[in-house]
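Here are some exercises to work through with the model open beside you. Try each task before reading its solution.

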Amino acid sequence: MQVSEVRVKLIENKDDRLKAFCSVTMDNEFVVRDIKIIEGTGGYFVAMPSRKMSDHCDKCGGKNHLRAKFCNNCGARLPDERVRKNGKGRTKLHADIAHPINSECRRKIQEKVVASFKQELEKSKQPGYKPITMDEPDDEVPEVVS
Ligand SMILES: [Zn+2]
């Protein structure tokens with residue numbers, strides 16, 4: 001599998017670790033959107049599209065993010081200990097929607113995406129630069145059960 005195109009939308013907020021959203025085309029025929037570029041302590045890395053893990057309210061069955069303290073559907077207080085820990089004792093709040101299953105593929109995608117991001121950064125310093133238009137993901141909107 002080859003990465004054939006990367007589209008990069010830079011994020012303006014300079015304080016945030018999130019630097020850009022990308023859409024990546026594989027083999028000229030499959031597109032993955034909402035890939036994020038994050039600035040980590042060891043440099044830039046790529047975060048695959050993910051969704052927030054959620055569970056259901058005991059009272060009404062409403063769906064809530066694991067960090068929610070109250071049900072967003074009925075307002076009931078939710079138990080504090082709902083967050084499952086993974087093997088490393090870290091709280092797992094997100095699950096990948098699409099991701100490479102081996103490190104070779106992850107490296108290939110990451111190299112291409114980060115290189116495209118750096119190119120876009122350089123372009124953005126030139127006068128008259130216009131960022132590409134891309135829908136921003138809105139995974140912050142909770143689902144309400146009717
Ligand atoms: Zn509820």
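**Exercise 1.** Is Cys57 buried or exposed?

*Solution.* This is a predicted model, in which local features need pLDDT of at least 70, side-chain atom pairs count only at pLDDT 80 or more, and totals for chains, interfaces and linings use all residues. Residues are numbered from 1 along each chain as its sequence is written, and side-chain values use heavy atoms, with hydrogens and water left out. Cys57 has 6% relative accessibility, so Cys57 counts as buried (under 20% relative accessible area is buried, over 50% exposed, in between partly exposed; 1.4 Å probe, protein chains only).

**Exercise 2.** Which protein donors does the zinc ion have, and what arrangement do the four donor atoms make?

*Solution.* Start with the donors (N, O and S atoms within 2.8 Å of the metal, or 3.2 Å for Na, K and Ca; water is not among the atoms, so sites may look incomplete). SG atoms of Cys57, Cys60, Cys71 and Cys74 lie 2.3 to 2.4 Å from the zinc ion. Next, take the angles: they run from 104 to 112°, so the arrangement is tetrahedral (four donors, all angles between 85 and 135 degrees). Finally, read the spacing in sequence: C-x2-C-x10-C-x2-C.

**Exercise 3.** Where does the charged end of Arg77 sit?

*Solution.* Look at Phe70: the charged end of Arg77 sits over its ring, 5.2 Å from the centre (NZ of Lys or CZ of Arg within 6 Å of the ring centre and within 35 degrees of the ring normal).

**Exercise 4.** Which residues is Glu120 in contact with, leaving aside neighbours within four places in sequence?

*Solution.* Glu120 is in contact (heavy atoms within 4.5 Å) with Val8, Leu10 and Tyr129. At 9% relative accessibility, Glu120 is buried.

Note on methods
Tetrahedral: all angles 85-135°; square planar, octahedral: opposite > 155°, others 65-115°.
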